[in-house]
Amino acid sequence: MPVLEYIEAIRLAMKEEMERDSTVFVLGEDVGVKGGVFGATKGLLELFGEYRALDTPLAESAIAGVAIGAAMAGMKPIAEMQYADFMLPATNQIINEAAKIRYRSNNDWHCPVVIRAPIGGGVFGGPYHSQCPESVFFGTPGLKIVAPATAYDAKGLLKAAIRDPDPVLYFEHKKCYRLIADEVPDEDYIVPIGKSRVMREGDDITVIGYSMPLHFAMQAAEELSREEGIEAHILDLRTLQPLDKEGILEAAAKTGKVLIIHEDNKTGGVGAEVAAIIAEELMFDLDAPIRRLCGPDVPAMPINPPGEKHFLLNKEKLKAAMLELARF
Amino acid sequence: MTKSGTVRRQSRHAALGLTDEQVIAMYETMQLARRYDERSLLLQRAGKINFHISGINHEPAQVGMAYAMDPERDWFLPYYRDYAFVLALGMTVKELMLCLFNKAEDPNSGGRQMPGHFGCRRLRIVTGSSPVTTQVPHAVGFALAAKMRGEPSVAYVSFGDGSSNQGDFHEGLNFAGVHKLPVIFVCQNNQYAISVPLSKQVAAPIASRAAGYGFPGIQVDGSDPLEVYRVMKEARERALAGEGPTLIEVLTYRLSPHSTSDNDLAYRTKEEVEYYKARDGIPAFRRYLTELGLWSDEREEELARRQWAMIDEATEYAEKAPYQSLDEAFRYVYAEEEDR
């Protein structure tokens with residue numbers, strides 16, 4: 001099975017869906033001739049022409065709003081936000097429009113739009129090229145939100161998002177683009193939205209998270225297994241909305257000790273909801289208080305290297321938190 | 001000129017390609033919208049319904065615009081004062097009343113949204129919301145889809161003068177201008193954004209903004225339905241010919257308060273309102289038809305009887321109709337199995 005980089009998996013998902021379905025098209029800033037600032041849409045213009053790899057004016061609300069209109073007209077647009085930090089001008093279109101179109105029209109209209117946005121730090125992006133704004137959109141009924149950690153899931157979730165009849169926010173981690181590579185089958189497949197995945201089996205502690213920080217958890221888990229004999233059970237949420245409640249409860253019950261991790265800041269993050277689900281259903285099965293290890297509650301990470309490193313999760317931070325929980 | 005040398009003046013509407021039957025139907029639709037609106041205000045005052053937002057005095061322009069469009073092919077993204085427009089497209093008074101009473105059978109939202117928030121796939125009317133101007137980029141998306149698929153469809157989108165200040169207005173117009181998309185932007189300038197007069201909203205005519213986006217902007221007298229029809233028809237032909245969008249600024253005046261929750265005399269005078277009331281386009285159009293021998297006092301009486309009976313029946317039906325059941329109330333957040 002070929003090993004693909006995470007960004008290549010994203011590109012391939014779009015290419016294959018555009019080949020499969022002539023209503024699928026990509027629009028955004030620099031997605032055409034340049035192929036995207038990160039290269040995610042490279043080659044699509046040559047294959048599909050300038051309208052299906054559409055360079056738009058620099059205006060995020062229009063990128064989202066035009067995509068929403070085209071989706072209601074029966075197209076399958078993939079709107080690219082250059083950085084998740086820059087998608088906030090489009091929040092009214094996403095939260096007040098896309099999310100509510102089916103409900104407010106009593107199922108008369110719907111809006112199968114995909115909005116892709118790169119999240120996360122570790123690339124010296126500073127406060128406005130590093131944000132994780134998942135929690136801005138999380139908790140908005142009508143939206144689906146996915147955030148893959150692997151190349152396999154990046155491809156399968158993007159295909160599922162494109163085929164989904166409702167709006168899907170697709171948060172791709174820019175640090176994963178070229179750092180993460182794994183096996184991706186040649187055959188067509190999707191990763192169903194709303195299903196988590198066990199990344200690693202273990203009996204001592206459970207780590208629940210999504211996107212880039214899971215890779216730190218996996219590295220820490222290997223070391224803890226070797227050095228301390230501690231076996232971590234690691235759950236990749238993959239979909240943030242709707243959360244896979246069953247998968248979460250099963251993973252939490254497996255060990256009774258839960259650590260929730262994400263790069264988005266702690267207060268009001270997705271982890272808070274995961275913790276609440278566990279507390280509501282499994283309180284008496286727990287052997288330790290639920291822990292969260294997340295980005296600090298500061299507006300965003302600084303660009304200077306020590307500041308950025310201090311903000312971000314890493315293997316050492318994960319290892320320390322996992323060890324402490326295991327010893328509780 | 002006829003052969004004998006006498007001058008036979010062609011009527012204005014015939015010169016525009018409209019038949020006598022069409023202009024009579026246009027007049028009837030304006031009156032129906034006006035009467036529906038007046039009844040809605042009364043129903044709110046009587047405590048039968050909670051809220052109405054009026055389109056009074058916008059009707060002649062709205063009917064003129066609707067008649068210039070193709071209801072089989074075009075897409076419509078109206079705003080909350082477009083009662084006459086949606087009636088002209090085929091929405092029924094009964095449907096509007098069901099919407100006003102928030103009842104389950106309302107085709108716009110099943111009684112979920114405020115009245116005036118139109119949406120009806122059957123009539124190619126796209127669902128709208130309350131945060132103003134969000135529909136402008138949507139219309140551009142419909143036009144983009146039409147262009148990509150090579151369909152002869154034009155998107156109509158309307159909004160108020162206040163909306164012309166929103167980012168979505170500027171972003172949408174620019175996008176459509178760049179890609180020469182088949183969309184007609186209609187600003188129904190009624191001189192007020194709730195209480196804020198035009199002079200405190202814009203420093204230049206709204207139509208002049210189109211120049212910044214590379215396409216024509218046209219002001220038109222909203223009390224003259226035939227002139228509005230002419231301008232709209234031209235804009236539609238430009239759009240179909242691949243020449244891109246047009247911004248049309250319909251000059252009108254909001255005769256009613258902003259909504260039933262507004263006291264307009266707190267910010268404008270009765271004299272000002274009376275001045276514009278005297279310039280109402282509906283009686284003027286009636287005079288036009290009468291002078292041509294197409295209309296009479298008898299026909300007017302018959303029309304009033306017929307339309308009030310229709311409105312009475314719709315009111316009674318909507319008042320008695322059930323609300324959406326609580327089992328239904330929270331459905332359709334996402335696609336259900338049969339929609340997938």
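Mentor: Start with V183(B), which sits in strand β3 (residues 183–189) of chain B; strands here are DSSP runs of E with at least two residues, helices are runs of H or I with at least four, and both are numbered from the N terminus. The model is predicted, so local features need pLDDT of at least 70 and side-chain atom pairs count only at pLDDT 80 or more, while totals for chains, interfaces and linings use all residues. Residues are numbered from 1 along each chain as its sequence is written, and chains are lettered from A and ligands numbered from 1 in the order in which they are written.

V183(B) is buried, with 35 other C-beta atoms within 10 Å (20 or more means buried, 12 or fewer exposed, in between partly exposed, with C-beta atoms placed from the backbone). Leaving aside neighbours within four places in sequence, V183(B) is in contact with A139(B), V140(B), A143(B), V154(B), A155(B), V157(B), A176(B), A239(B) and P245(B); contact means C-beta atoms, placed from the backbone, within 7 Å.

Elsewhere in chain B, look at N102(B): its phi is positive, near 60 degrees, and it isn't a glycine. N102(B) is in the loop between α5 (93–100) and α6 (135–149) of chain B, and with 21 C-beta neighbours inside 10 Å it counts as buried. Chain A has F124(A), also not a glycine, with a positive phi of about 55 degrees. F124(A) lies in the loop between β5 (114–119) and α6 (134–137) of chain A, and is partly exposed, with 13 other C-beta atoms within 10 Å.

The two chains meet too: 35 residues of chain A are in contact with 35 of chain B. On the chain A side, α3 (60–72), α4 (91–97) and α5 (101–104) each supply at least two residues, and α3(A) gives the largest share, nine residues. That side divides into 16 nonpolar, 13 polar and six charged residues; Ala, Val, Leu, Ile, Met, Phe, Trp, Tyr, Cys and Pro count as nonpolar, Asp, Glu, Lys and Arg as charged, and the others, Gly among them, as polar.

Staying in chain A, the peptide bond from Q241(A) to P242(A) is cis, with omega near 0 degrees. P242(A) lies in the loop between β12 (239–241) and α10 of chain A. In α10 (residues 245–255) of chain A, G247(A), I248(A), A251(A), A252(A) and T255(A) are buried. Down the axis of α10(A) these fall within an arc of 125 degrees, so they line one face of the helix; the arc is that of the directions from the helix axis to the C-beta atoms. They pack against β9 (197–200), β10 (205–209), β11 (232–236), β13 (258–265) and α11 (270–282) of chain A. After α10(A) comes G256(A), with a positive phi near 75 degrees.

Last, a residue-level look at a helix pair: F216(A), A217(A), Q219(A), A220(A), E223(A), L224(A) and E228(A) in α9(A) meet K315(A), L318(A), K319(A), M322(A) and L323(A) in α13(A). By class, this contact has seven nonpolar, one polar and four charged residues.
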